[in-house]
Amino acid sequence: MTKKHLILTVIFMFSIVLAACGNQSSTSDKDSQTEQNRILTDSLGHEVTIPEKPQRVIAPYLEDHLIALGIMPVAQWSVKGGSVQGYLQDSLKDIPTIEFDLPFEAVTSFDPDLIIIGSPDIAEGEKYEQYSKIAPTYVMGTEDSNWRNKLLKVGEIFGQTEKANEVLAEYEQAAKEAKEKIESQIDHPSAAVIWNIKNTIYMVSDTASSGVVLYNDLGLQVPNLVKEVSASATSDWSQVSLEKFVQIDADYLFVINSVSAGSADLLSDPLLANIPAIKNDHVYEFDQSSSWLYSGAIANRQIIQNVVDSIAK
């Protein structure tokens, strides 16, 4: 009986050990899975399970941030007629397009494993539920409207916060060096950016898009008219009449043309002859394929290079 009891005791203890090992293995597997598939809460309060290494990403109008982080989407943002972000085409030329409003059928056709939506407006109503049935869907909030915040948020989503901070640091250094170069050659220059759409003038706000690059990052002076227009602006670009534009006191003028014909007709108008930039031949023109209408580490570095090449060679 003693020998039999000993055998039963050994079997019982061995069973406990096996059970413990099984539980530990199960816990380890669960922890490993948690580490691989992170859960983030988006701007609408959804808990989104992010795949460990997303391979088929759709993130329209966020491509600048993706490319800066070394991530290639399966589709790129476009508007009707096929217009895309021209300045990114060195990287995206072989990437098919998807319309800005993200039609469900088009999204489904790309078989994404992660969808990132840049604004709550695009996911309003029942749209989010539709997108989330296709793939995990993360909606960015209005607090991410600043391009720096957007880059950091995209970095967080992909588990690349360190890389995003490196990209930002490189950008800040490039802007600092460009600012110093300009200041060493020109004494407190003022500048303005206008978008010429078939001889209709739109002026960028001093707190948006390329305005932030010129006035904040490069330290160029803000003309009085730009301040006035920006104070009442409801969007990044505000229409300005020709009669109003004659008041601009900018030393340098950067013009983005919507058509290939350029702005010869507009800038040759006698009403504009006394604008300092026009009088001194300090007008620099770019087309819509340039990065001046966009924001991001890549877009803004191209703008900075354009400015330096134009006024501080």
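1. Partly exposed means a relative accessible area between the buried limit, under 20%, and the exposed limit, over 50%. Glu 180 has 42%, so it counts as partly exposed. Lys 176, at 44% relative accessibility, is partly exposed too. Note that this is a predicted model.

2. Glu 180 and Lys 176 form a salt bridge, 2.9 Å from N to O. They sit 4 residues apart in helix α7 (residues 161–185), so about one helical turn separates them.

3. A salt bridge also joins Glu 228 and Lys 244, at 2.6 Å, N to O. Glu 228 belongs to helix α9 (residues 224–231) and Lys 244 to helix α10 (residues 242–245), so the pair ties together parts 16 residues apart in sequence. Glu 228 is partly exposed at 41%. Lys 244 is partly exposed at 27%.

4. Asp 217 and Arg 148 meet in a salt bridge of 3.1 Å, N to O. Asp 217 is in helix α8 and Arg 148 in helix α6, so this pair ties together parts 69 residues apart in sequence. Both residues are buried. Arg 148, Glu 172 and Asp 217 are linked in a salt-bridge network. The structure holds 5 salt bridges.

5. Asp 42 is buried but has no salt bridge. The nearest side chain of opposite charge is Lys 153, 9.5 Å away. Asp 42 lies in the loop between β1 (38–41) and β2 (47–50). A polar atom of its side chain is 3.0 Å from the backbone nitrogen of Leu 44. Its contacts include Tyr 128 and Tyr 138.

6. The largest pocket has a volume of about 1200 Å³. Its lining has 40 residues; Tyr 61, Lys 150, Asp 236, Leu 293 and Tyr 294 lie nearest the centre. Helices α2 (63–68), α6 (147–157) and α8 (209–217) each supply at least two lining residues.

Conventions
Residues numbered from 1 in each chain as written. Predicted model: local features only at pLDDT ≥ 70, side-chain atom pairs only at ≥ 80, totals over all residues. Heavy atoms only, no water. Buried < 20%, exposed > 50% of the residue type's maximum accessible area, 1.4 Å probe, protein only. Lys, Arg positive; Asp, Glu negative; His and termini not counted. Salt bridge = Lys/Arg side-chain N within 4 Å of Asp/Glu carboxyl O. Polar contact = N/O pair within 3.5 Å; in protein donor to acceptor, adjacent residues only side chain to side chain. Contact = heavy atoms within 4.5 Å. 1 Å grid on protein atoms, 1.4 Å probe; cavity = no way out; pocket = protein on both sides within 12 Å on 5 of 7 lines; lining within 4 Å. Points joined across faces, edges and corners; volume = space filled by probe spheres on them. Lists of a residue's contacts leave out its neighbours within four places in sequence.
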